[in-house]
Amino acid sequence: MLIGYARVSTGLQNLDLQTDALTQYGCVKIFHDKMSGSKKQRPGLAEALKYARQGDTIVVWRLDRLGRNMQDLIDIVNNLNNQSIGFHSLQENLTMDRGNATGQLMFHLFAAFAEFERNLIQERSAAGRVAAKARGRLGGRPEKYRDKDIEMMKNLIDGGTPIKDVAERWGVSRTTIYRYLERK
């Protein structure tokens, strides 16, 4: 039996591309997760692995959909092999089984390239954040209050209004008021 596994990193992404490809390939049952591949506990993957029986094949759309990193990917596929469960990746057109030395070599090469690609993306993202910071763009959530709001808070407090009352007026905690006041 062909058992599919699909994963997207966020709830905003769509599983349709992967599930369509897995269905077209002939997967009878498809499990999925909507979470980062960096999470160790992926319920959909755990269900797929539990569901698979000797002689079945786990099918993924791409190698990076299965493992968190190269070692995780290799561990998962080796565990499948130990249970006589096959593995196939559609995009790399890669079938992994114990009896095929070429398949094992290609699997390890593709896994290394997939991890390399993820590392490059992380490095580019980090470099982009550094460049943005150097230009004064810090990223993150925009400030809720402008300078004039903070100045008004400071004037109220300097005038004797308790911080608790100022916090209630602006609908925030006292800690937030203190944090804004520290910046000015």
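Is Met106 buried, exposed or partly exposed? Select Met106: its relative accessible area is 30%, so the residue counts as partly exposed (buried is under 20%, exposed over 50%, partly exposed in between, with a 1.4 Å probe and protein chains only).

Before moving on, some ground rules. This is a predicted model, where local features need pLDDT of at least 70 and side-chain atom pairs count only at pLDDT 80 or more, while totals for chains, interfaces and linings use all residues. Residues are numbered from 1 along each chain as its sequence is written, and side-chain values use heavy atoms, leaving out hydrogens and water.

**The helix and its patch**

Met106 sits in helix H4, residues 101-134 (helices are DSSP runs of H or I with at least four residues, strands are runs of E with at least two, and both are numbered from the N terminus).

**Zooming out**

Colour 2-99 and 147-182 separately: these are domain 1 and domain 2, with bounds from an automatic or database domain assignment. Their C-alpha centres lie 52 Å apart.

**Ser9**

Next, pick Ser9, which an unreviewed UniProt entry annotates as "active site". UniProt positions follow the numbering used here, feature names are shortened, and annotations may be inferred rather than shown by experiment. Ser9 is in the loop between strand S1 (2-8) and helix H1 (16-25), and is partly exposed at 31% relative accessible area. Show its contacts (heavy atoms within 4.5 Å): leaving aside residues up to four places away in sequence, Ser9 touches Lys34, Met35, Ser36 and Arg65.

**Salt bridges**

Keep Arg65 on screen. Arg65 forms a salt bridge with Asp64, the closest N and O atoms being 3.2 Å apart (the rule is a side-chain nitrogen of Lys or Arg within 4 Å of a carboxyl oxygen of Asp or Glu). Asp64 also pairs with Arg62, at 2.8 Å between the closest N and O atoms, and Arg62, Asp64 and Arg65 are linked in a network. Asp64 and Arg65 are both buried, whereas Arg62 is partly exposed at 23%.

Which parts does the pair Asp72 and Arg42 tie together? Their side chains meet in a salt bridge, 3.1 Å from N to O. Asp72 lies in helix H3 (residues 70-82) and Arg42 in the loop between strand S2 (29-34) and helix H2 (43-51), so the pair ties together parts that are 30 residues apart in sequence. Asp72 is buried at 12%, and Arg42 is buried at 5%. By the rule above, the count comes to four salt bridges.

**Backbone stops**

Most residues other than glycine have a negative phi. Select Ser84, whose phi is positive, about 60 degrees; Ser84 is in the loop between H3 and strand S4 (86-89) and is partly exposed at 40%. Finish on Asn93, in the loop between S4 and strand S5 (94-96): its phi is positive too, near 50 degrees, and Asn93 is exposed at 62%.
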